[in-house]
Amino acid sequence: MNPVSGAADVSEPAPRIVDKPLTGKAAEPVPVILLVDDDEITRISMAGRLKRLGYRVIEAGDGVAGLAAIRAQRPDLVILDWMMPGLDGPSVCEAVRADRELRSSQVVLMTAHDQPEQIAEGLSRGADDFLSKAASKQEVLARVQASLRSSALVREIERTRDDLDRSHRLLSAKQAELESELQSAADFMRAQLPLPGMPAPGVSMQWAYQPSLALGGDLFQVSAWGSETLGLYILDASGHGVAAALRAVALMSFLREDNLAKAVGSFDPGAIVTEANRRFPLTQDGEYFTLWVGRLHLPSRTLSYAAAGHSGALLHSLQGASQWLSSASLPLGFDPTIAFDSATAQLQPRDRLYLLSDGIYEAPSPTGELWGRDRLQATLERHRTHTLAHSIGDTMTTARQWLGGDIFPDDVALLGIEVLDSSGSAKEKS
Amino acid sequence: MEDQPVMDLAAAMERFDGDQDLFLTLAEMFLERSPETLAVIQTALADKNLPVLAKEAHKLKGSAMEFCARPAVAAAAQLEESARQSAVSEMAAIGEQVHAEVQRLTAALRMIVEKGFPA
């Protein structure tokens, strides 16, 4: 009289819900339960009872078909008979737990009797819970509901984990993109720096530069201003990173020879710094520049220079004492009305002029003591007999030894020029 | 054991949440299958085929449980247990008990299938 459903067919949800496992949100989908039992009478009975409780039931007639149905249908809950020919219930549990994709399935073992040793074995082989074949309607409902709650939580966790994985992948890609852009910017900054060698006949030049981040706020330049003079400057944009680098490039553009001719109408360092002070006011965030500008007249080896808050030039004289070429002055932009004056210094053949950022002599030792200008000066003087390149390289090494590491807390720039002997002077070289 | 009611119909109907169609479906299946089950058990007893005996007794126990037929469940459980423990000496007697209880159960189920549920 009643059609009997065969193995592994999909049964329709019961039209009538007699209890309230599924009340609540109307949009909630009907939970799907896979029932695996080789005994038809038991299976049809349990399937009928579950359907009357309002669940959608899929049936399978043995362990192998059950495992295939778990894989294909991903039911919310699997109810497995213990004793089945071929693959029995605990073996199906083990197969599920060994499968990465299926591992988190909720599995309940069905037994005819609840002997403690059987329960222990079932749990150790991967079952989440037990259901007695003799269970009352209330017990079936309670166990199924509890298992479905666990199943829903596990699925929620898996969804969250998948979302996190996706977010993480997206963030990583974004980060890689940003890092690559930063690297391009850093490459661009580096390309602005002068090529070591001979910026003008009779002058050799070397430098070392190590920004504290990928992008530094320090820039320096040495270039010919006309046929007889060499322009040189070092600037330090306060702050670090992209913002400081962008501002540094802006000031660098201002200091280009062609722009100076237009904007300042003079190559006098005092006039240049005075105009820069007018054009680069303090930013709203309180960022500013320090700047040192020098102009070396090659035939007379006379250096005129001006500084705005930058203390970074040392004249290392072969004959007399070394001399720091700086004056007490405000950084750029603090007071747009002030004028900066040029000072002069006379260079002798083989004298060395160093431009440097404060990052090098403010390098702290592991105990916090700063390296200091005196130690920097002594180190540079000790290298008098070495070539300029060696002198700069060894001084950087000494600074790192003082620091006790490779990463300076601030940008570090050290540039040196040496005025060659008269015998190697302009006319013979060119 | 014969003194016990063959099954607890009220308890069974409670399990099925009052679904008479489901009960009748299962009863018909049981009636259809039980002669063969009993024959297989008979042969296994004669052959002392303990694995088959344990398996068939286990299935019978599960089916009888659906109808809350406690005497049949108990007899089948006893047979399953003695087959597992190779208690050959008791087996013939228990086999007869199983046979009798299954006959009682099928008679009761046939009555319901043919005459309907008792008022």
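Buried means under 20% relative accessible area, exposed means over 50%, and partly exposed is in between, with a 1.4 Å probe and protein chains only. Asp128(A), at 35% relative accessibility, is therefore partly exposed. I will come back to that residue.

First, the ground rules. This is a predicted model, in which local features need pLDDT of at least 70 and side-chain atom pairs count only at pLDDT 80 or more, while totals for chains, interfaces and linings use all residues. Residues are numbered from 1 along each chain as its sequence is written, chains are lettered from A and ligands numbered from 1 in the order in which they are written, and side-chain values use heavy atoms, with hydrogens and water left out.

Now the interface. The size of an interface is often given as the accessible area lost when the parts come together. Here chain A and chain B bury about 2,200 Å² between them, where buried area is the accessible area (1.4 Å probe) that two parts lose on being put together, summed over both. Of that area, 57% is on carbon and sulfur atoms. Chain A puts 21 residues into the contact and chain B puts in 23, with contact meaning heavy atoms within 4.5 Å.

Between the two chains there are 10 residue pairs in polar contact, both residues at pLDDT 80 or more. A polar contact is a pair of N or O atoms within 3.5 Å; within protein, one must be able to donate a hydrogen and the other to accept it, and residues adjacent in sequence count only if both atoms are side-chain atoms.

Which elements of chain A give two or more residues to the side that touches chain B? They are helix H1 (40-52) and helix H5 (137-192). H1(A) gives the most, with 8 residues. Helices (H or I, at least four residues) and strands (E, at least two) are DSSP runs, numbered from the N terminus. By residue type, this side of chain A divides into 9 nonpolar, 6 polar and 6 charged. Ala, Val, Leu, Ile, Met, Phe, Trp, Tyr, Cys and Pro count as nonpolar, Asp, Glu, Lys and Arg as charged, and the others, Gly among them, as polar.

Next, salt bridges: a side-chain nitrogen of Lys or Arg within 4 Å of a carboxyl oxygen of Asp or Glu. One of the salt bridges pairs Asp19(B) with Arg52(A), at 3.1 Å, N to O.

Inside chain A, Arg155(A) and Asp76(A) form a salt bridge at 2.9 Å, N to O. This pair links distant parts of the chain, 79 residues apart: Arg155(A) is in helix H5, and Asp76(A) is in the loop between helix H2 (63-73) and strand S3 (77-81). Arg155(A) is partly exposed, at 27% relative accessible area.

Back to Asp128(A), whose side chain meets that of Arg97(A) in a salt bridge at 2.8 Å, N to O. Arg97(A) lies in helix H3 (residues 89-97) and Asp128(A) in the loop between helix H4 (116-124) and strand S5 (129-132), 31 residues apart. Arg97(A) is partly exposed too, at 22%.

In chain B, Glu80(B) and Arg84(B) make a salt bridge at 2.6 Å, N to O. These residues are separated by about one helical turn, because they are 4 residues apart in helix H4 (residues 70-84) of chain B. Is Glu80(B) buried or exposed? Glu80(B) is buried, at 4%, whereas Arg84(B) is partly exposed, at 42%.
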